[in-house]
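Visitor: I am new to this structure. Please take me through a close look at one part, then show me what else lies around the model.

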Amino acid sequence: MAKYLVIVESPAKVKTIKKFLGSNYEVMASNGHVRDLPKSSLGIDVDNGYEPKYITIRGKGDILAGLRKEVKKADKIYLATDPDREGEAISWHLHEALKLADKKVYRITFNEITKTAVKESLKNAKEIDMKLVDAQQARRCLDRMVGYRISPLLWAKVKRGLSAGRVQSVALRIICDREDEINAFIPEEYWTLDALVKANGEKKTVTARYHGSHGKKVTLKNQEEVDALKAQVEKASLIVEEVKKGERIKKAPLPFTTSTLQQEASKVLNFSTQKTMRLAQQLYEGVEVKGHGTIGLITYLRTDSTRVSEEADKNAREFISEQYGEHYVSAQDTVKKNSAKIQDAHEAIRPTNIALTPVKVKDSLARDLFRLYQLIWKRFAASRMAPAVYETTSVKLMAGGNSFTMTASSLKFDGFMSVYTEADEKDEKSQNLAKIEMGQEMELAELVSAQHFTQPPAHYTE
């Protein structure tokens with residue numbers, strides 16, 4: 001029998017992938033990188049074409065020895081590290097460290113750890129992409145050349161042990177620029193004036209906000225202006241000049257990218273970025289699910305694209321149609337045109353199988369893993385659903401030459417909101433304007449004024 005060796009990055013994947021492949025496949029893990037630049041020196045020959053000097057990472061000798069033993073027995077070797085630049089570089093380092101030049105070596109990648117994806121990747125095995133490897137090496141060398149030269153300056157001038165470099169320097173600059181903006185900000189005073197009004201015979205008041213005078217929008221700047229306006233309004237009668245009815249559509253959100261997942265998990269679940277990524281890694285690498293064995297529950301977690309594969313899109317639409325009804329399926333794909341800066345190498349973060357609803361996996365997952373999976377599942381399902389529709393009413397009141405406006409909206413069709421609402425979405429508490437008609441005179445119950453100041457831009461969150 002032919003023997004095949006599959007090398008992955010993390011031990012967690014070994015168990016998941018071994019289950020999908022036959023007995024003639026051996027699956028082993030490299031536990032991340034096996035070679036790197038030396039810690040004690042720059043490790044780059046600046047005078048000779050910036051040639052990097054790699055050494056075996058301390059503690060990885062035993063892992064490499066174990067891999068060499070298996071390499072000797074194998075007819076074909078598949079390098080199955082993560083589908084990104086870092087993964088490509090790990091594959092190349094393994095190729096060099098294990099001296100695989102005269103062996104049959106193939107590079108395979110999968111965006112999700114499912115039986116179909118793994119089998120498919122074996123059929124489409126390719127060579128190591130040296131352009132990706134070079135991109136990672138360039139990044140690593142920049143880390144070194146910037147970091148190893150700025151950090152000693154910090155140790156001398158600020159505090160020993162601080163690190164600066166390619167990323168921290170830029171992040172610090174952005175934070176300092178924001179701090180300058182906040183310090184330079186001059187608050188401006190403004191006022192709002194609300195009229196609490198009621199239709200004749202009604203007990204409940206509704207709130208109308210001052211908009212402007214004689215057809216123009218006006219900002220109230222001080223108390224004198226407010227007092228003068230109050231005196232005018234109290235003398236005049238309040239007449240309904242306009243009642244407009246319409247519809248407002250709220251589009252479904254896009255599926256998660258790495259950064260939107262981190263932001264939403266922070267807002268909704270109060271998770272730190274590190275915690276979100278650690279849990280997402282577990283969901284990607286594989287968890288034991290009752291009745292299914294060990295499977296990867298989500299696609300690859302490092303992505304800046306909102307693209308979804310045709311198969312996943314089709315499955316999601318069929319699922320929504322069955323569970324919620326045909327009218328809940330979105331007419332067209334929710335697509336955001338990717339900016340030129342986005343590499344679109346991976347799909348958006350989504351469940352590998354939409355039919356594995358949060359309810360079905362709840363008993364198999366730890367609490368926080370379940371909460372993160374539920375968030376990803378709901379967001380993806382919502383992204384394939386129809387928009388929510390609100391019925392809106394806007395009313396314009398005139399008191400002399402002064403106009404006041406009030407609006408109300410009620411949910412007509414919940415669409416994607418039956419599954420998912422975003423964290424920073426306000427609950428629309430709406431007033432009832434159904435009984436108000438054109439030309440009607442309203443009774444003024446009270447005028448309420450409030451002083452405000454414009455706010456500086458906020459400090460960044462994590």
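Guide: Start with Lys 73, which sits in helix α2, residues 61-73. The model is a predicted one. Lys 73 has a relative accessible area of 48%, so Lys 73 counts as partly exposed. Now look across to Arg 166. The C-alpha atoms of Lys 73 and Arg 166 are separated by 42 Å. Along the chain, these two residues are 93 residues apart.

Stay with the charges. Side chains of opposite charge can pair when their charged atoms come close. A search of the whole structure turns up 26 salt bridges. Take three of them in turn.

Begin with Arg 139 and Glu 86. Their closest N and O atoms are 3.6 Å apart, and the two form a salt bridge. This pair links distant parts of the chain. Arg 139 belongs to helix α5, residues 130-157. Glu 86 belongs to helix α3, residues 85-97. How open are the two partners? Arg 139 has 28% relative accessibility, so Arg 139 is partly exposed. Glu 86 has 25% relative accessibility and is partly exposed.

Next, go to Glu 241 and Lys 396. They form a salt bridge, with the closest N and O atoms 3.7 Å apart. Glu 241 is in strand β12, residues 238-250, and Lys 396 is in strand β15, residues 388-399. The pair therefore ties together parts that are 155 residues apart in sequence. Glu 241 is partly exposed, with a relative accessible area of 41%. Lys 396 is partly exposed, at 27% relative accessibility.

Glu 347 is buried, with a relative accessible area of 9%.

Arg 166 is the residue whose C-alpha atom is 42 Å from that of Lys 73.

Glu 189, Glu 224, Glu 225 and Asp 227 form a negative surface patch. Which helix gives the most to this negative patch? Helix α7, residues 223-235, gives the most, with three residues. Glu 189 is found in strand β9, residues 189-199. At 32% relative accessibility, Glu 189 counts as partly exposed.

Val 170 lies in helix α6, residues 168-184. Its relative accessible area is 49%, so Val 170 is partly exposed.

Now view helix α4, residues 115-123. Its buried residues include Ala 117, Val 118, Ser 121 and Leu 122. Around the axis, these four cover an arc of only 135°, so they are on the same side of α4. The face turned away from that buried side carries Thr 116 and Lys 123, which are exposed.

Finish with the backbone. Most residues other than glycine have a negative phi. Two residues here have a positive phi instead. Tyr 50 has a phi near 55°, a positive value, and is not a glycine. Tyr 50 lies in the loop between β4 (44-45) and β5 (51-52). With 44% relative accessibility, Tyr 50 is partly exposed.

The other case is Asn 270. Its phi is positive, about 65°, although Asn 270 is not a glycine. Where does Asn 270 lie? Asn 270 is in the loop between α8 (258-269) and α9 (273-285). Asn 270 has a relative accessible area of 67%, so Asn 270 is exposed.

How values were computed. Residues are numbered from 1 along each chain as its sequence is written. This is a predicted model: local features need pLDDT of at least 70, side-chain atom pairs count only at pLDDT 80 or more; totals for chains, interfaces and linings use all residues. Side-chain values use heavy atoms; hydrogens and water are left out. Buried means under 20% relative accessible area, exposed over 50%, partly exposed in between (1.4 Å probe, protein chains only). A salt bridge is a side-chain nitrogen of Lys or Arg within 4 Å of a carboxyl oxygen of Asp or Glu. Patches are made of residues with over 30% relative accessible area and no salt bridge: like charges are joined within 9 Å, nonpolar side chains (Val, Leu, Ile, Met, Phe, Trp, Tyr) within 5 Å. Accessible areas come from the Shrake-Rupley method with a 1.4 Å probe; for residues, only the protein chains shown count as cover. Lys and Arg count as positive and Asp and Glu as negative; His and the chain ends are not counted. The place of a charge is taken as NZ of Lys, CZ of Arg, CG of Asp or CD of Glu. The arc is that of the directions from the helix axis to the C-beta atoms.
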